[in-house]
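Please read it alongside the sequence and the model.

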Amino acid sequence: MTERDDLVSALAGDLGSAGPATNSDRLAVAWLFSSLAYVVLITHLLGPIRPGALAQLVSQPRFALEMALGLVALAVATVAAFRAAVPGALTSRFALASAGLVILWIIAYVVGLVAPALEPSMLGKRDHCFLETFLYALPPAGLACYLCWKYYPLEPSKMALRCGLAAGLMPALYMQIACMYDPGHILLFHILPGLVVALATLACFRVFFVRSNHVG
């Protein structure tokens, strides 16, 4: 037995049992449900949802489909974000599916500029929905980055972008119920700030997480 073998054996013996790693998918689901609850609660505390919005989910199939597509995109984006923190866990196929669902959801509202799912109306308009969408997403984005950082991601910047995107999608989606329905308004004042959250999350992440740990 060589000295190198002796050294490896000695080091391995000192490590002890670390126990099973936390499953990133389970953590992603826990984060998703808790963050959704937070977004819905704070949205209701700061103003009522659009009158008749919940009834429209039942009576207007295309509107319900838009919301369902948004929920699926959010769920897949969340899992992708947490998997991105674990080396080798996020496959290129799953990452592509995540991006495709988000793009498809956005396209639904681009199509709505010509043929909207609901009659465009100012009913239920929230005066500061752009700012609300942006601010509501920041705490969940920060929490997601904190949780994912524990996995020691190999590409932390990409992980932070994905965490910010998942967080930004939540208020962006719920504003379709809480605020007025108009595809142009939705794209500019709900979806756009939700996407900007991804960039803001990256910037904040690099300041508070990466630099504090001396990682480039």
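A crossing of two helices is called left-handed if the near helix is turned anticlockwise from the far one by less than a right angle, and right-handed if clockwise. The model is a predicted one, in which local features need pLDDT of at least 70 and side-chain atom pairs count only at pLDDT 80 or more, while totals for chains, interfaces and linings use all residues. Residues are numbered from 1 along each chain as its sequence is written, and side-chain values use heavy atoms, with hydrogens and water left out.

1. Overall fold. The protein has eight helices and zero strands (DSSP runs, H or I of at least four residues for helices and E of at least two for strands, numbered from the N terminus). Of its 216 residues, 41% are buried (under 20% relative accessible area, with exposed over 50% and partly exposed in between; 1.4 Å probe, protein chains only). Where residues at least 6 apart in sequence are in contact (heavy atoms within 4.5 Å), 84% of those contacts join residues at least 24 apart.

2. Beyond its neighbours within four places in sequence, Trp105 contacts Glu66, Leu69, Gly70, Leu169, Ala172, Leu173, Gln176 and Ile191.

3. H2 against H4. The axes of these helices lie 9 Å apart at an angle of about 130° (lines fitted to C-alpha atoms over the stretch in contact, with angles from 0 to 180 degrees between N-to-C directions). H2 and H4 are therefore oblique (under 35 degrees counts as roughly parallel, over 145 as roughly antiparallel, 65 to 115 as roughly perpendicular and the rest as oblique). Their crossing is right-handed. Trp31 of H2 and Phe82 of H4 are among the residues that meet here. By class, the contact has nine nonpolar, two polar and two charged residues (Ala, Val, Leu, Ile, Met, Phe, Trp, Tyr, Cys and Pro are nonpolar, Asp, Glu, Lys and Arg charged, and the others, Gly among them, polar).

4. H2 against H6. The axes of H2 and H6 come within 10 Å and cross at roughly 160°, and the two helices are therefore roughly antiparallel. This crossing is right-handed. Contributors include Trp31 and Tyr38 of H2, with Pro139 and Pro140 of H6. The contact of H2 with H6 comprises 12 nonpolar, two polar and no charged residues.
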